[in-house]
Each structure stands twice: as C-alpha cells, then as structure tokens.
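This report covers residue contacts, a helix pair and a chain interface. The coordinates come from a predicted model.

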Amino acid sequence: MNTMTLDAGNAAPAATGQLEQDTVDTNTKVSETVGQPLCDDAKLSMRNVNVFYGETQAIHDVSLDIGRNEVVAMIGPSGCGKSTFLRCINRMNDTIEGCRVDGDLTLDGEPIYGPKVDVVPLRARVGMVFQKPNPFPKTIYENVAYGPKIHGIASRRAELDEIVENSLRRAGLWNEVKDRLDKPGTGLSGGQQQRLCIARAIAVSPEVILMDEPCSALDPIATARIEELIDELRENYTIAIVTHSMQQAARVSQRTAYFHLGHLVEVNDTETVFTNPQHELTEAYITGRFG
Amino acid sequence: MEMHFDQHISRQFNEDLESLKSEMLEMGGMVTRQVAEAVESLANADSELAEKVLRVEKEIDRREMDLDEHATLIIAKRQPAASDLRMVMSVIRIARDLERVGDEAAKIAKMAIALTEEGTAPRGYTEIRHIANAVRKMLNDSLDAFTRFDVKAALDTLAEDEQVDMDYRTALREMITFMMEDPRSISRVMNVLWSLRSLERIGDHAKNICEQVVYLVEGADIRHGHEDNLKKV
C-alpha cells in the first residue's frame, strides 16, 4: 500500500473514497494524497494548489479542506512547503515578489484569490500568529485595540475597552496584564508576548486563525498555555497550525497533514497519523527514521 | 508497511528498541523452558526439577519488571510514535503475558511436588502431555511470529487455541469420570486437573501474544474477538 512514489497519481485509498466522492465535484482529483484530505463541513477549501517562487515550484497540486471548528496540524521537514501553504490561506505570499499561487482556494465558498477580493478584510477574517512574537512597539492596550480601530469594528473608548479586555481574557493574559495595559507590549515575557499576539489576532473577530510555529520560541510552560488556548479557541474558530513539534500536533489537532517536498503526502485523523500512519514517508518522519 | 527498527536517525534509539525486543525474546525463551520443565517434572515425578522451576520463576518476575522499566524509559525519553510506539506497547503487554505463563508453569511445578509426595502416579498424564505439547508449540510459534513480524503465522497460531480449549474440556470430562469411578483418587486427580487448567491458560496467553503481533505489524487491535478490526486497516 505504501510503496508508492510521490509521482503515483492514483493512490487515494478505498477507505476514503466515499467521502471524496460525496463532497467533491468530479473534476477535482486528489492526486497522491493518502487518507482524508477533504471533509464534509469545510470552512476552508483548497483545491489543486500550486505555488511557484519564480521558476521553482514549492507546492505541487495540494488539495485540503479545513473543517469548521477544527484544528488541522501541518507537519513536515524544513522546506516541505507547509508554511508556504499556510500563507496562501490569507494571501501572505502576495507580499513576496515572484511568488505565484494557482488553484481554487475558498473561504465559506467564496474565493480567496480573485480580482475583486480585498486582502485587508480577508486578513481580518483570517488572522495569523507567527513563530516569533511580534507585538507592535506600542502599549499592551494599543496592540489589541489597533486592529478593531483600523477595521472600523469599534471606535468609542468603551467599546474598545470591552474588546481589549475580552480578547486578553480569551488569550489567557488578562490577569497578568490588567494593571499595566499602558506599558509597552515588548516588555512582556516571550510567552506573554505570544499570547498578546493571539489576543491581537482575535480582537478583530476572525473566523480562521493561522499559526506558524507559534510555540517554537517558548518554554514548556508558555507552550502548554498556548496549547490549552488553542483548544479553547477551537469552539469559535477554525485553526490551521504549522508545527515542528510532533507531540504538539498530536496534542492540539483533530487532523494532521504531512507535507514532503511540496507534496501533501497524507492527511488523516491525528490519532491514526501518530499510531498507524498509512504512508511510509509519514511513518519515517514521525518516528525519526531516514526517509 | 515493512517493519524496520534500525533506521532511526538516532542510533541510540535503534539500540534502545533492539535491546527491548531482545530482552523480551530472552524472557520468552526462559518462560518456554519453564513450561517444558514444569510438565517434565510432573510427568516424571521429578520434584528436584519442579523446585528448579520455582526458583527460576522469581527471575522471570524480575525480568518483567526490568522490561517495564526499560519501556517506560523509552516512552519518557523518545516519545515513540507509530510502529515504534506499537513496538513498545506490544512488548509491555507480551511481557505481562509471559510473566503469567511463568506463574502457570510454577503452579504446575507445585502440583508436581504435591503429586510426588503422594507417590502413586494418577491417571490423566496422557491428557497433560497432549495439551502440553499443543500449548508449548503455540507459545513457541507466537514468539517466532513476533520475531519475524509474521501476521499470517500469528493468526494461524491464534486459531490453534480453539482446539486446545476443546481438548481441555474433553480432558475435564474424563477427569470427572475418574473421580466418580474412584472417589479416593479425588485429591490426586484434582492436582492433575489444576495442571490441565494451567496449560489451557498458557494457550490463552500464547493467543494474546499473537494478537500483539497483529497489533505491532498492522496497528489493528483484535483482542476480545475484534478480528474484524484487521479488515479496517
């Protein structure tokens, strides 16, 4: 079953055939990915995505759904394209010169790429948290209030106060910072800064949160807090997280996607991926073997 | 998927898993010998051999504890996943079954001592020999299937348990007949009966080991009659 090469185009296993048949129109083929890349209740739907940096192709024909209130973890070795793929979702790749994205990407069925799409409201709907906490060089309060202000979500001080408090509470930071909201965000510890960035992301009421290795610069305690937070956020948001920590993927996600050299090799229930992966490349990666 | 436990980037991890596996197989070898010697001591009324079985039993208990500790350390240090995780889990479970086989062998040895003290050879030895041969083969084959990651051999061996259970029930009926014919033999025949019971249990443990081979290789948990889980993989 798993001896296929990356070029084999007919490897969708029988077990998942049913789901794909039911939910995908017939012109869509999920080439080479084993497992369950698609789902019934998709918030985000990506089909046949190819990404090029100039002449170099970074993503090869990737199709993946991310369900409502689902956490999907993307794992894979450095340079496998998982971050590139994540950044397609809120068009962060637009800022990179020479980067070209092909394929159908939709959010609630509406195209993400298209001449009429304004990226500013898109990025308010699809928030992002980066590897290194990057608070603005402003006060803690301003860091959270900035988004709602520029997006016109709130202008009066009382409304902003409420949004700031709510966001900081949901990010699990309120109790630690409520007495120093006027102090610079950059003065917080790394873990606090990252939670501030999460508060900043949720302040504009996004529907999707993208996280690109959000804990790689944090200690285990701060990491545990963020992971706890991800689980709470799932009630209201759809989350895609790129992580180098396999244990983290196993802990926080419902489905796990394994990328390898720009190909999406396997997507399955996280439980399956970590106990009995279907593809030998996934197995080799998560068990630390030579792939 | 082929099973390789020697291709980790960490050489130390290869060695940890390899030694876990070989420690378990070594324990398996000891336990298999224990069963053979316990049955031998019973058949030949050899109380000296039976005493030896009881001594070695303590060593087997210690090995189970060592294996558990070793497996716990691997989990703590390596957080194994996929086939590595299944390897560690199956070794822990098999070690537990092997320890219990050891317990059953010790029970048989105790019966041997009791029967030797009573003198006269009671009836029922033919049945013991017959079932003992069957379960020893099962135990050997189950460990062999583990060594070779051979699911088919494991399933074949597993199926043999049904015959053992049937033979056990037949022997049980015969023993009851003996006791009814000659009530003076009751205490002796009871000892034989307990030994038969122990052998039947050893068959069950061998079956459990086979189930772990299937889990290790295919990732399917077929315990407690869930063999259909194998089809889902």
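Leaving aside neighbours within four places in sequence, A:Met74 is in contact with A:Lys82, A:Phe85, A:Leu86, A:Ala240, A:Val242, A:Ala257 and A:Phe259. A:Met74 and B:Val135 are the residues with the most contacts inside the largest nonpolar core, which has 144 residues. Helix α3(B) supplies the largest share of this core, 17 residues.

B:Val135 also takes part in a helix pair, as one of the residues of α4(B) in the contact with α6(B). The axes of α4(B) (residues 125-147) and α6(B) (residues 186-218) come within 9 Å and cross at roughly 20 degrees. Because angles under 35 degrees count as roughly parallel, α4(B) is roughly parallel to α6(B). The crossing of α4(B) past α6(B) is left-handed. On the α4(B) side, the contact includes B:Ile128, B:Ile131, B:Met138 and B:Leu139. Among the residues that α6(B) contributes are B:Leu196, B:Leu199, B:Gly203 and B:Ile209.

Turning to the interface, 13 residues of chain B are in contact with 14 residues of chain A. On the chain B side, the largest share, four residues, comes from helix α3 (residues 82-118) of chain B.

The table sets out the residue classes of the two contact sets.

| Contact set | Nonpolar | Polar | Charged |
|---|---|---|---|
| Side of chain B that touches chain A | six residues | six residues | one residue |
| Contact of α4(B) with α6(B) | 17 residues | three residues | two residues |

Note on methods:
Residues numbered from 1 in each chain as written. Chains lettered and ligands numbered in written order. Predicted model: local features only at pLDDT ≥ 70, side-chain atom pairs only at ≥ 80, totals over all residues. Contact = placed C-beta atoms within 7 Å. Helix = DSSP H or I, 4+ residues; strand = E, 2+ residues; numbered from the N terminus. Nonpolar A, V, L, I, M, F, W, Y, C, P; charged D, E, K, R; others polar. Axes fitted to C-alpha atoms, helices over the stretch in contact; angles between N-to-C directions. Parallel < 35°, antiparallel > 145°, perpendicular 65-115°, else oblique. Left-handed = near helix turned anticlockwise from the far one by under 90°. Core = buried A, V, L, I, M, F, W, Y, C linked by C-beta atoms within 7 Å. Buried ≥ 20, exposed ≤ 12 C-beta atoms within 10 Å, placed from the backbone.
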